[in-house]
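Student: I would like to learn how to read a fold and an interface from a model. Please take me through an example.

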Amino acid sequence: MTLERRAAMATLLADRGDDLLLVPGLGSTAWDAAAAGDDDRNFYLWGAMGGAAMIGLGLAMAQPNRRVAVITGDGEMLMGLGSLATIATQSPPNLAIIVFDNGVYGETGMQPSHTQAGVDLIGVAGACGIATRLDVRDDNELADLARRLKNLRGTLFARVQIATDEPPRVLPIRDGIALKERFRAAIGVKS
Amino acid sequence: MSAQSGDWPDRLFETLKRGGIQQVAYVPDAGHARLIDRCRADDEIRDVALTTEEEGVALAAGAWLGGDRAALLMQSSGVGNCINMLSLARTCRFPLLMLITMRGEWEEFNPWQVPMGSITDPVLKLCEAEIYRANEPNEVAGIAQCAIQHVFGGERIAAVILSQQLIGKKVWTK
C-alpha cells in the first residue's frame, strides 16, 4: 500500500504550530508543501539538490527551541546520503528528516531511482546511527509520524512510501532572497 | 619568522569568535588542524565534521536562516566539491565564509593536488566569492576580519585563502 503524496503532506502539516520550520526539497515535495498552504516558515528549495537535510541541520542547531522538518524526495536524499552520517553525529533533538519515496525521479520523466532497485533508506539511516526511524506505509503509520513530529524529541528519520502519481504543480515563490528574508522575519531573526 | 608567527591559527580562532561564529563545519585538513582543535574545545561553537564540503555550504545556509553565523573550513580540493551547492548562496544571497588551505601551489610533492589547486581562485571568483589571500602569518587574522565583515555585513560569499607557503609543505617522510 502506498500513500497519496498531497494528502500525506497535508496530514503532516495540519495544525503545524508556530514552531515548525519546514525545508521542502526541490521538486515535487516543494509543490506538495505549497499545495498544503504557503507559509513564511517554509524555505522551499528550487535547487541545491542533495542539500536539504544539511540546511535542516544548520537550522535546527541555530533554533533549538523550534522543530525543523526536512521533507524531501528519494532522489534528493540519495544525492546527499553522506549528510545522514553527519546528522547522526550531531543528533539535534529537534530535527526530522522525512523522505517521500516513490522510487522514481518525478521531475525528469519518472526514471527509476536506487530505492526502486532495493536501496533501503531506513537501513542507511540506521547504519549511520539515527535511532528513531519510521517506515510509513499506511494512514495509521502516517498518523503516528504526524504525532511524533508534533512532539519531536530526538532526531527522527522517516520514509513515507508514496504513489507515483503526479498531481498538478503548485509553484511557490522562487525568489531565493525573498524566501530567505520572509523566513527570517517570521521567526524574528536579525542580522 | 617571528617567535609569535606560528600561532596564527589561534589568532584566527579568536577572530572567528569575535566575529560571532557559532557553527564551524569542516572536512579535516592538516593545515586547519589547530583551528579545528580550538573549535572542538570551545563549548559555544558547534563543530560539525562533514563527509563532503558541499554539505557545509548547505549547513551555513540553514544556520543563517536560523540566525547563526557559520564558517566552512576546507582544503583547496574541496572547493570543487562545492560548485553546484554554491548556487544556493548565490541565488539566495546567503552569507558564506570559507577558510581554504591551499595545496598544489608551492613545493607540492603530490601532483594529484595540482589540478584543483591551480583553478581554486578562478573557480571561486566565477562563483562570486571575494578572495582574501593570506601569505604571511601576521596578516591572517586581519584578513579574516575583513572577510567576516564582507560576508555578514552584506550577505556575500568570501574565501580566505591560506597559502601553501603560509601553511608549510607537507612532510612525507617521518
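Student: Among contacts in chain B between residues at least 6 apart in sequence, what percentage join residues at least 24 apart?

Tutor: This is a predicted model. Two residues count as in contact if their C-beta atoms lie within 7 Å. In chain B, 75% of the contacts between residues at least 6 apart in sequence join residues at least 24 apart.

Student: Which elements make up chain B, and in what order do they run from the N terminus?

Tutor: Chain B has eight helices and six strands. Their order from the N terminus is α-β-α-β-α-β-α-α-β-α-β-α-β-α.

Student: What share of the residues of chain B count as buried?

Tutor: A residue is buried if 20 or more other C-beta atoms lie within 10 Å of its own. In chain B, 49% of the 174 residues are buried.

Student: How many residues of chain A and chain B are in contact with each other?

Tutor: On chain A there are 26 residues in contact with 26 residues of chain B. Helix H3 (52-62), helix H5 (81-90) and helix H8 (176-186) of chain A each give two or more residues to this side. H3(A) gives the most, with eight residues. By type, the side of chain A that touches chain B holds 13 nonpolar, eleven polar and two charged residues.

Key. Residues numbered from 1 in each chain as written. Chains lettered and ligands numbered in written order. Predicted model: local features only at pLDDT ≥ 70, side-chain atom pairs only at ≥ 80, totals over all residues. Helix = DSSP H or I, 4+ residues; strand = E, 2+ residues; numbered from the N terminus. Buried ≥ 20, exposed ≤ 12 C-beta atoms within 10 Å, placed from the backbone. Nonpolar A, V, L, I, M, F, W, Y, C, P; charged D, E, K, R; others polar.
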